[in-house]
Structure formats: structure tokens, C-alpha cells
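Hi,

Here is the structure I promised to pass on to you. Have a look at it first, and then read my notes below.

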Amino acid sequence: MSEESKPIGGEFLTTPFKVLAGFTLFAAVLVLIRYVMGIGAVSNLSDGYPWGIWIAYDVVAGTAIACGGYSMAILVYVLNKGEYHPLIRPALLASVFGYTLAAISIFIDIGRYWQGYNMFLPWYANVNSVMLEVAVCIALYVMVLWIEFAPVFFEGVQKYKSSLPAILTRWDVSGLQKIWSKFLFFFIAVGILLPTMHQSSLGSLMLIAGKKLSPLWQTGFLPLLFLISAIMMGYAIVIFESLFSAVGLKRPKETPMLGKLAGIMPWLIGVYLVVRVLDLIVRGALGHAFAFNVQSLMFWIENALFVYPLVLLMSPENRMKARPLFLSALSILLAGLVYRFNAFLVGFDPGNGWHYFPSFGEIMITMGIISFEILAYLYIVKKFPVLPKAEHA
Amino acid sequence: MEIKRRDFLKVATAGSLMLAANVHPSIAREPKDRIKDAVGMLYDSTVCVGCKACVSACKQYNETPTSSSSTDELWDNPLDNDSKTYNIIKLYKEGTGAVKDREKDGHAYVKRQCMHCVDPACVSACPVSALKKSPKDGVVSYDKNACIGCRYCQVACPYNIPKFEFEKAFPVIRKCQLCSHRLEKGEIPACCQFCPTGACIFGKVVDLLAEAKKRLAYKPGELRKYPVERLVGNQVTERVVTPYVQNVYGEKEGGGTQVLYLTGVPSEKLGLPALEETSDAKRSETIQHTIYKGMIAPILFLGGLVYVVHKNTKDHK
Amino acid sequence: MKNKDIESVSKRLGVSRREFLKYCSIVAAGMGLPLGTGEQIAEAVTSAARRPPVIWLSAQECTGCSESLLRATHPTFEHLILDLISLDYHETLSTPSGHQAEAARAASIKENKGKFILVVDGSIPVKDNGIYCMIAGKTALDILKETAKDAFAIIAMGSCSSWGGVPSADPNPTGATSVQKILTDAGIKTPVVTIPGCPPNPYNFLSTVLYFVTFKKLPELDDLARPKFAYGRLIHENCERRPHFDAGRFATEFGDDNHRKGYCLYKLGCKGPETHANCPSILFGDTGAGTWPVGTGHPCFGCTEKGIGFHKPLFSKASLHLVTPPDTYPHIVEQQGKSALAGIAVAAAAAGAAYVAVDKVAKKLGEDDGKSKK
């Protein structure tokens, strides 16, 4: 387990790193403006569209993309497919930062953030609220993710001292390591329960929007559809990130392992599409797909993005090649992203003539958050044992 | 690519089973009943003359600032309810707009403010109970000390009533509170107090509903007495009845509201959404409770997970 | 009510008994007093044991306030006020002048110490010890201070004595100051009523005096000591052109079509929205409708209001204190939401960049696939 991964080393202050840092700093300035002058000063959020891309992307889509740790945990720790173990740490890394930054995004988005802890106070908590369950669940899961990722830090500060700043390597963590290995299984179990709960509930959030959400997306099956798509996005991000970083960081590819992993995808996509289509037919909502408007166009794009990887990955040949794997994984990620954008923004019409498109400030803050996530990824894979050793490819 | 028939059948079956499994008898959340002593308003669009005294009065008695949509900023002329405008009068106009309360080539006025729903979506949605429905009189009130500014209430409300102060560094949600600060003193909401024609009157919802039904039975052309300011009081005005759409909007829509509407033009044309009888709160809570009631399912699931994960990891140290 | 007294007053004044009672009712109505108060006023006027003494001091004034009073017709200044009150000193209207007039003033003050009403018009200069206004060898400042402490009540007639008026306009070379400020600084506590205006409507003054004579107290005053019956509302609230304001119909140039149609003068600088006065209600000169500045087509310049009159430029726009809904309505559905342009541009750029990056990676992977196949 601990012998199979190591830091990949190399200079971390590369040009891409500096560019990403630039975006992050710019976003930080915008966030400061948001706090001093109000949400309206940097965003196009309005009474008609109170939720924009900070919710739809940063929180909803972002956490789904960060489901790598969740999906791999199911595969490795529940279904006991140990051969995928080398993929656990990279998946966890993406999850830790994806979820932590989603939580930070929440505190940028909510208006009375200084009272955000009210959600955790029993005399304020409203147990009927889907939002309460989502928030508490995500908060707990962020903690669980850091606990699950801690062994990477423990190992790094012990075995790879030389490349780390002294302040991190001062303490003796061997005692902590022992405690961790005794109790980690419990947190792994919790780390599978929690995303099952909140990824489905992220879908349930839109139930109460009622008729304001188009019949193309409004359904009692929102929680199930969000859950299935989140799980498949978890596998997709693992494949995508592995191949992208192999090219970007000039490392050997893990195509055979990824190809085997991709075998699950057609099943997941298939079940998802069956539920999605049957639900539309039974509710008599399919007619809206032919309405020739923005909503119907986005509906077709969303589902095409699901069908394309399904078709591609059904063939075992394609699953052995890196390019089809890469494009399929990307397509699934985009499919899940577009589905969530559609369910929260495109399909949402409050009436009364409102329109919304994110502002420059909103987009730059989101890009800053994404940039920071990539920065963190780059730094950590170079300094800590996350990526599998070359021999394990 | 070869889709093996076997595989296709496996997927289709799994999907259908999932669908079926979710249709089992859910732990339904019972629809909410109207509170016995609930108070509210009856707004009769045919009686309204669009004078906007209610708009001015609301701003005065709630001490809300003016809201201007014109570059000159000479008037209080918002385009819609907003964070400074709890109450607004809007105009419906079709074609020439010649005849009042007629759908075609006619015009009509509609007053928009919080409906104080029987089963409010905002109350169900709010994670911190910042929006609460009074068990005594059913008024839906807002507590800024609880609010975290997540704006889920704005997503939930079918009437788009809660408004948010996006332009402020320390924002709050703003909406009509049925002048509860005046109700406490035994007074009535300012909009009802200052309506000169009796288009907007205050009273107990059961009584207002009875009055509304009574009016629906009036014959157009008759001379009838209409109460002014409040349903039960001394002030009355006489007017010639004009045709009504045979529906009291708010009796059943979205689970019912405490502000009821009578209109001469179909309510949808006035911007009042066509809602089903089942409230969105009921729908959302039914699904949520089915999955999480008592946290039984999650705890059982966790138990199973702990067992399996422990078994699979105990050899890897 | 003693008919004989009314008879005698009417005879003295040269008006019929009916006209006299009518006049008293008009005064009462103009002050918003209840029905029946007119009779009280008639009673007070006719049965007064002695006519209350009044001393009228003039400082830096143009005499416009006295001129305005001279135009009153109900009552006429000379017939009724000279008989209703005992005007013991008035520089313009006194029969004696010079030392005789000053002696009369001194005698009246001595005899009526604590019981006379002091009326002041004109602002009082304080710069250089007040030498810019001297009467009979003394500064107006000193005269005011000596006289005020012995008065029962003071009426500051006109904007000059109420808050400084024209002489106090920038740069205020004489240090023109209001009566109230002079008295406050000197610690003199005699109550002051202000009747601002340039000139004020005479009936605002007359009604206040009659109220005082009848009820032996001052009418309800606002925080600037102005009687509320006359200065309790903004001109904008009672203006006959208000519907044009609410409907957005404005004159934009003197003589243009809209000006000729009598539309609202707000855009020409009318200060009605920030000026308290009752001009639109009682007009000027008793010659019929429209006899006030706005009615003739000239914007109000705020002559009664400190900080507006002689301070704000004539044609600059007034601030609106009471903003109300207009004549127009929002529609059921209005287009709302902020501009999407900047966002679309950035989103397109980001999408483009992402596409390029992904495309490069995919190509590289494709090449590698091709190589490994061989």
C-alpha cells in the first residue's frame, strides 16, 4: 500500500503554476470586493436567479467531479477490487481539494456567512430542509476526506523530508500513523455513506422549485439521477485526471488499469439513461424536448454527452486505448456538469421576465477556485507520495 | 460495437427496478390544514382602481426606501417586488386596454405581496428556520438573526416573494410580514388601512373566504355593498358588480394561501401562477422523509459499510 | 357675544357686522380651526379690554413684509390691525418720526413690560459689532436685545428675520443673522414664532396674531418655530401641477410647448419638493387662481426655506423628500436581470482555452495509441 506511490519531484514553480497562481490571486481580490461591497458588486445574481454558477458549478458540479474518492472507495473497499488501489490516492487528492473548495465557495456565496454556523445549532436547524442535510453532510465529509488523506501527509513528512519545508517535517507523526491505521476503516465507511446521502440530496434541492423547474428536469427521481451520475463522474475524473496528468507531467500512462475501470461505465450510464428516459415518458414530459428553445437544446446536448461515452466504451477495443478513454471520461464529466447546470440554471425559469448569465466577476472567481485546486494538486503530487510509482503503470 | 442482448437486458432491468423501487409507498407528509384563527387579506382586482395608495402606505409603515427604475429617479417606480418594495400594483393590459377587468382589449390591476401560504415552501426550505409560520395567526415572518443568506427560500417560493439585498455587504431577506408590528397593536396592515375602495381588506381567513364565495355568486350589474379596510367594520362602499372569474385564487392553489384573490381576468394573466393543490413543500418533504425518516436507512447502511470495509481492510496494515 | 361691541367695532372699522363676522370665520378656517372658532375670534377682538400693544422693529429689511401686509384685504391692514392691536412703533407706518418715534417706543416698552408683542422684520447684522444697520444711533443688534427681553412673544416676520434671508446669501458680508440665533446666543428666552417667506403671505402673519389674541397662546409650531397650519406641508404636496409631475410631463425650457401647456416645472428648477409653505392653497393678492409663482409659470425658488432660498441656484433641481409612485404601472412581466455580455465573452474565452488544452492532450494520447498498436 504505502510502497506503491511516491512524489514525482520536479520544480513546482513552472509557467503553468504561475499562470494558475495569477488567476487565483485575481479571484482573491474579487472575493475581497464581494465581502466589502456585497454579492451584487461582483455577480449577476438577482432575485429571479438567486443561485448562479457559484452554486451550480462550484458546489453542485464541483463536488460531483470530486467524487473520485467516493467512487474508488466503493470499488476498492466494498467490492474489494484491490487491483485499483494505486488509483485511490490521486482520487482522494482531487476529492479533498474539490470538496474543501466547494465548502469555501459556499461561504463566498451565502449572504450572511458570519452566521453560517447556525446550521449546526439544534435550535435553528430545520430538519425538513433538504439544504440542511446537504450542508451538514458536506461539512462532515470534508472532515472525513482530510482524515482519509492524512496518511499521505504522514508518509510524506517521514519518508520525503528533503523536499518539504522544515515546518512540516518537525513533528514525529509515527504515533498518529498507528492510530490512523487502527481506525481508518470506520472513516472510510462513513466516507461512503456521506456522499451517497448528499450527492443524491443535491438533486433533491430542486424538488421544492416545483414548476419553476422545467418538466424536462423536475422529477421525484432527481436524487437517484444525481447519485448515479455522481458515481460515474467519480470514475470519470479518475480516468481523466490520470491520463491528463500523464501527458502534462510526462509520466507513463496507466491505460490497462484505467481500461478495466472503464468497463463499469457502460453499465452505470445505461442504468442512468433508462431511469431518465422512462421517467420522462411516464410523466409525459418528453414533448418539451422538441420545443426548439434554449432548454430543449441544452437537454439534447446533455444527453448526447451521456450517449457518446456509452457507445464508445461499450467496445472493449476502445477501452484499451488511451484516447477513447480520455474523451469518454471527459464526456461523462461534461454530461454530469451540463445535467447539473440544466437542473439548477437552464431549466429554472422563475417567470416575470428574469434572465441570468454569470458576470465576469463570477466566472473569474470560479476560475480562481479551479486554478487553486490544480495548483494544490500540482504541488502535492510533486512533494507527497500520491501518484503510483512508474513500475505500477 | 456489440451490445450483447444479455447485457442490454441486465441494464434495462436494473434501471426499471430502480424506478420501481422508488415508487413504493412513501412516508407521505400530510398536507397542512389552515390554522383556525389565521388572518389574511382579500384582494378583489375588480374593485381596485390602481391608485397605489397601498404601495405608498406599505413603504411608509415599513420604513422601506424608494425604489426607482427610471434614470431620473423622480418616483418610487419599481418594476416588481424587490428588496425595498414589499407590496406593488401591476397593470395587465391587452390590445387597446379599453375596458377594465376584461381579458381582451382590456386592463386590470393586481396587487402582489407575500401570500402567507398555508404550507409555505420558504418555511420548508430554510435550513435555519429563519422563515417561520406563526401557529397562532399563520403569518410567515423572517428572523435575520437565524438567516445565513443562502437564498434557498427564493428558489422555493412559487410567487418569487422573498427578495435579497444583493447590493449590501450585510444583506437580509425582505418581504411583506402582513404588518405584524401593526397587528400586535390591534391595527390592520397598512395596505388595507389605506385602500380607498375596499379592494384590499383584512380579516380572518375563514371569513374572507366566505365573503369571496359570496361575491362570486353576485350577478354582474347588481348594486352591492363592499366592506372597506376590514371585513368586519363600519366602513362600506356601494358599487356595481362586474363579472368575476369563478375561482377564489389561493383557496387551494399550492396548498392554499392566506391572501385570497378575486379577479375579473384569468389569474394566470395577472401573473398568479397556476399551481397544483399539492404544495411543493409537501412534495419535497415526502421524498426527503421517505429516504431519511429517523435516519434509519443511513444508520443501517453505515452499519453494513463498516462491517464490509473492516473485513476488506483488516489484512492491509 | 355682546352685539353692542360688535356694532361699535364694525362702525369703527367701516365694515358691516356680517362682514366682520365673516372675516373672523375666514381667519379661523385658514388656520384649520374648528367650526365656531370664528365666533371666538370675533369675541376676542371686540371684547378686548385693551388692544394688545405691538412694537415692530425693522433691521436689514426691504420693507417687503410690511408691503405684503398692506395688500391684505381681510382684514385690511390699516382698518383692522391698527384697531385690533396697538401698533406703538413701526418705522414705515408711524405718524411720528425721529426722536418722537423713538420716545414713543421707549414709553411703550416701559409701560407694557412683559406684555407687548415684538414683531421683527429684516435680518440683524452682527459683523463688526453690527454697525451695518443702525437706527437712532444704536445698532439693530442692541435694539433687538434690549427690546426682546421685555417682550411677551416675538414674531419674526419674513425669511430675513426667520433665518437670514437675502442679506445672508453667500458671502454674507454683514453677518446677517436670524432673530432666534441672536436671542439664543444672548440667553434671552422670549418665545419666537417665525413666519418665513419673501415676502410671506400676509394671512400667515395675521392668522397667527389673531390666534394669539383669541387663545392667549401661540398656534402649534414645528421645530423651526413655524406655525404648522401654514408651513406644515411641502409645496409639492398641494401643488396644482402635481399630476403632471406624477405623469412625467415636464416643461424643459421657458416658452416651450410643455411650458405653455402648464406642465410641471421641476426640470426648470422648481424647489416645491423641498420647500414648506402654503402658497398653492391660499395664493397671493386675492385675485383668483394661479396667482403664485408656479401658477404663472415660474418655478418656486424656495423663499421660505432656509438652505434653499437664496442659497440653491435658481435652476438647479430640488431634492425630493417624499418620493411617491408615479402615474405609470409596471407590467405583469418586465425584463429583469443584469447584462450578460461580459460574462459571455469571458465564458467563451475560457471554453476556448479549455478546448485547446484538451485537444492537445487527446491528440498526444491518440499518437501514443497509434504507436503502441504498431
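Chain C splits into three domains: domain 1 (1-47), domain 2 (50-231) and domain 3 (233-329), with bounds that come from an automatic or database domain assignment. Please keep in mind that this is a predicted model, in which local features need pLDDT of at least 70 and side-chain atom pairs count only at pLDDT 80 or more, while totals for chains, interfaces and linings use all residues. Residues are numbered from 1 along each chain as its sequence is written, and chains are lettered from A and ligands numbered from 1 in the order in which they are written.

Taken over C-alpha atoms, the centres of domain 1 and domain 2 of chain C are 25 Å apart. Their contact involves 13 residues of domain 1 of chain C and 15 residues of domain 2 of chain C (two residues are in contact if their C-beta atoms, placed from the backbone, lie within 7 Å). On the domain 1 side, helix 1 (3-13), helix 2 (17-30) and helix 3 (37-47) of chain C each give two or more residues; helices here are DSSP runs of H or I with at least four residues, numbered from the N terminus.

Now to the contacts between chains. Chain A and chain B meet through 67 residues from chain A and 60 residues from chain B. On the chain A side, helix 7 of chain A contributes the most, with 10 residues. Chain C also touches chain B, with 13 residues from chain C and 19 residues from chain B.

Enjoy exploring it!
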